[in-house]
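Subject: Structure handover

Hello,

The structure is passed on to you below. My notes on what was found in it follow.

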Amino acid sequence: MTPTKAFLSTAVAASLLFGAVSAQARDFRLGVITPPQHLWSTEAVAFADTLHERSDGEHSVSVFPAQQLGNEAQMVQQLQTGALDMAFLTIAEISNRIPDFGALYAPYLVDDVDHAARLLRSDTAGELLDLMPQGVGMVGVGYGMVGMRQVLSRAPIENQADMSGKRLRITPFEPIRDFYTATGAAPAPLPLLEVYDALANGQVDAIDMDFDSILILKFYEQAPNLLISKHMMFPMVGVVSGRVWRELSVEDRELIETAMAEHLENVLSGFQAKDAAQEAEIRELGLNIVEADAEFFGDAIAEWGAIWGEKAPRLEMLRQEADRLRE
């Protein structure tokens, strides 16, 4: 079921249909937390260009990167009220409101970025988007992602015991917090754009991060130790405010959904294309690198599964789909 059909199948579908209006020019606002040079931000701008062109200049999109409109919790509130029209959001804030999305962060659910992209393109992952209109008042158009999660630290991490008590920066949401708590670390939520200074002044000892952001924001300058663990994927979702959606004509909904889906696919394929090169670039920086697999984290993975197996009933379905999609 497409996001549009899912939205129209809710209990309020009838009233929403009455709220739909004929096509009229709109200047939409789209928020994203990443800096302007990040692929999420550049594809958001490309989506704006596509929508402007395909609407024959009728619609425009102003893109606000680098948390210009607030953090993701604030942007979700704006989306719910209709003060913000669209956003590219990490799944983090969504999972805080719809626990089933937390299943996408299961440790070692996927093997690498290619496996992650296949899972995010699957119908099983797509069905989660159908929960968004009622769960958070937004229409989920599709997924993007960044690369796999790694641990970059000021001091070496040679084994799980070295993580004990480490103040480790995370994106603020429960699935990743629960994982690092299980490892013995002390997870510390912190906005992305504050991470460099936090590493420099010792506010945090380590960070949960992907290759792309490590390189773009040069976190390695302040933390010369890298645990290449690839322990978790990190999805993104493109959304439209439900309040805004119901003001749009059927034609405009289709136009927006189609264009945004294309650029979300560009994000998926973009990270697939550059992951190996980014890993190679990082390996040439002279960092102290330790390789890790599921065994490195000991019982932490099983502890996470015990918590989230109850919170996120769709976890088992996603695991089965991920197993099917392994090559």
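Contact here means heavy atoms within 4.5 Å. With that cut-off, and not counting residues up to four places away in sequence, S41 touches V32, T34, P35, P36 and P65. S41 lies in helix α3, which covers residues 39-54. The residue counts as buried because its relative accessibility is 2%, and the cut-off for buried is under 20%.

Please keep in mind that this is a predicted model. The chain averages a pLDDT of 93, and 93% of the residues score at least 70. Over residues 8-22, however, the pLDDT is below 50; this stretch still has 21 contacts in the model beyond near neighbours in sequence. Where pLDDT is low, the predicted coordinates should not be read in detail.

The sheet

In which order do the strands of the open sheet run? The order is β2-β1-β3-β10-β4, with 5 strands and mixed pairing. The edges are taken by β2 (59-64) and β4 (138-146); each has a single partner strand, so one side of each is left without a neighbour in the sheet. On average, and with direction ignored, neighbouring strands of this sheet are turned by 20° against each other.

Strand β1, residues 26-32, pairs with β2 in the parallel sense over 6 bridges.

Helix pairs

Two packed helices are described by the angle between their axes and the distance between the axes.

How do α3 and α13 pack, and at what angle? The angle is about 150°, and their axes are 9 Å apart. That makes α3 roughly antiparallel to α13, because angles over 145 degrees count as such. The crossing of α3 and α13 is right-handed. On the α3 side, the residues that meet α13 are L39, W40, E43, A46, F47, T50, L51 and R54. Their counterparts in α13 include L255, A259, H263, V267, F271 and K274.

Helix α6 (residues 113-120) also packs with α13: their axes come within 9 Å and cross at roughly 165°. By that angle α6 is roughly antiparallel to α13. The crossing of α6 and α13 is left-handed, whereas that of α3 and α13 is right-handed. From α6, residues V113, D114, A117 and L120 meet L268, F271, Q272 and D275 of α13. F271 is listed among the α13 residues that meet α3, and F271 is also among those that meet α6.

A206

Is A206 buried or exposed? A206 counts as buried because its relative accessibility is 0%. This residue lies in strand β8, residues 206-209. Leaving aside neighbours within four places in sequence, A206 is in contact with V151, L152, S153, R167, L168, R169 and L199. A206 and R154 are 52 residues apart in sequence, and their C-alpha atoms are 6.1 Å apart in space.

Regards

Definitions and conventions
Residues are numbered from 1 along each chain as its sequence is written. This is a predicted model: local features need pLDDT of at least 70, side-chain atom pairs count only at pLDDT 80 or more; totals for chains, interfaces and linings use all residues. Side-chain values use heavy atoms; hydrogens and water are left out. pLDDT is the predictor's confidence in each residue, from 0 to 100. Helices (H or I, at least four residues) and strands (E, at least two) are DSSP runs, numbered from the N terminus. Buried means under 20% relative accessible area, exposed over 50%, partly exposed in between (1.4 Å probe, protein chains only). Two strands pair if DSSP finds at least two bridges between them. Axes are lines fitted to C-alpha atoms, for helices over the stretch in contact, and angles run from 0 to 180 degrees between N-to-C directions. Angles under 35 degrees count as roughly parallel, over 145 as roughly antiparallel, 65 to 115 as roughly perpendicular and the rest as oblique. A crossing is left-handed if the near helix is turned anticlockwise from the far one by less than a right angle, and right-handed if clockwise.
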